[in-house]
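Open your viewer and get ready to select. This tour goes stop by stop.

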Amino acid sequence: MTNQQGVSLLRPAAQDQNWKTLIVESFRDLDSLLDYCEIDACHAEVESSRKFAFRVTRYFASLIEKGNPLDPLLLQVLPTANELQQVDGFHKDAVGDQLAMPVPGLIHKYHGRVLLTLTGACAIHCRYCFRRHFPYSEASVDYRPASPAMNYLAQNTDINEVILSGGDPLMMSDEKLADLVSSLNRIPHIRLLRVHSRLLSVLPERITPSFMAAVSSFKGQVVFVAHINHPNEISEHNRQAFQQLSRGGYRLFNQSVLLKGVNDSAQVLAELSYRLFDAHIQPYYLHRLDKVQGAAHFDLSMQECKTIYSELRNHLPGYLLPSLVEENAGQKSKTAIHCD
Ligand SMILES: *Cc1c(COP(=O)(O)O)cnc(C)c1O
Ligand code: SF4
């Protein structure tokens, strides 16, 4: 329930539960989304949506242009027959995460920071997702005090940052998030808590008073990293959620994936940076696609990536330019892609 300015009129307690209803009301089958978008179902590929389930929030769907089968938001969620093709060089564990898991659900690849996979659930299923084959059922972290993951953090005193990831960590209830924060608060050297989430932009109703209370119970700094690929993904509605976080004193960053047919032009990416900035979000990373099986149709050659990025760099002030990076298994950080 919103008024014309998109300001929520729900009472705080109702607001706290509203997002769960919106998840349940998401589009769960392709035909109903295409129907809503006024697009002929011949583009539908049901077999692909069986292998990696289909899911889109109503808010994200509302941003798709009616009648446009090439809409850049639609293409991010549309299952196609291309997903079923085996392409050389595209693997199930594209980034070597399963080799860097000392404890189930805890990925420790880089110095000083670990990533926790909290849930396999997402509010939207992105067809290019590098975790589309990830064995979540074996890898949801146990975050109770004295669990193996918390012991690992306590023993490794050079770890100062914990990154909440998934799936999408904001699919967890506020009670569970608060429990996790309370476990982390017992470990003195954890100073930063980072939340990587696509819900921030695709389900802005998730930012509720009780969510704000759960994150603010962390003893150190909390940083949010959104996942927005195209300027059309930002509207007045999610801008208000970002503003709320920003007013709460949280720093907001964004990572995008460079995707063929979606945002593979310097003009689109420049507009994205300006809109992010307008929404109080700092562009952070522009990722080259991870070579995951089923996503080859989004891939751009290294030369194409460099050409787009060089042009982007010539368009933007330095503070709006994301870093172009790729993830290579076994490396100690993301790998910067240099263009001359
Ligand atoms: C990307 C990533 C991080 C975070 O890297 P930053 O460069 O600090 O953003 C941490 N752990 C894993 C496993 C990652 O893939
Ligand atoms: S929200 Fe993130 S983890 Fe979930 S499907 Fe999209 S890219 Fe993958």
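The stops below visit two ligands and the residues around them.

This is a predicted model, where local features need pLDDT of at least 70, side-chain atom pairs count only at pLDDT 80 or more, and totals for chains, interfaces and linings use all residues. Residues are numbered from 1 along each chain as its sequence is written, chains are lettered from A and ligands numbered from 1 in the order in which they are written, and side-chain values use heavy atoms, without hydrogens and water.

**Stop 1: ligand 1.** Select ligand 1, then its shell: Ile 107, Lys 109, Tyr 110, Arg 113, Leu 115, Ile 163, Arg 194, Tyr 284, Tyr 285, Glu 327 and Lys 334. Each shell residue has a heavy atom within 4 Å of the ligand. By class, 6 are nonpolar, none polar and 5 charged; Tyr counts as nonpolar, Lys as charged.

**Stop 2: the contacts.** Zoom in on Arg 113. An N or O atom of its side chain is 2.6 Å from an oxygen atom of ligand 1. Tyr 284 also places a polar side-chain atom 2.6 Å from a ligand 1 oxygen. Now try Tyr 285: a side-chain N or O atom is 2.6 Å from an oxygen of ligand 1. A polar contact is a pair of N or O atoms within 3.5 Å.

**Stop 3: the strands.** Which strand gives the most to the shell around ligand 1? Select S1, with 3 residues. S1 spans 106-110. Strands (DSSP runs of E, at least two residues) are numbered from the N terminus.

**Stop 4: ligand 2.** Select Cys 122, Ile 124, His 125, Cys 126, Cys 129, Gly 167, Arg 198 and His 227, which surround ligand 2. This shell has 4 nonpolar, 3 polar and 1 charged residues.

Notes:
A polar contact is a pair of N or O atoms within 3.5 Å; within protein, one must be able to donate a hydrogen and the other to accept it, and residues adjacent in sequence count only if both atoms are side-chain atoms. Helices (H or I, at least four residues) and strands (E, at least two) are DSSP runs, numbered from the N terminus.
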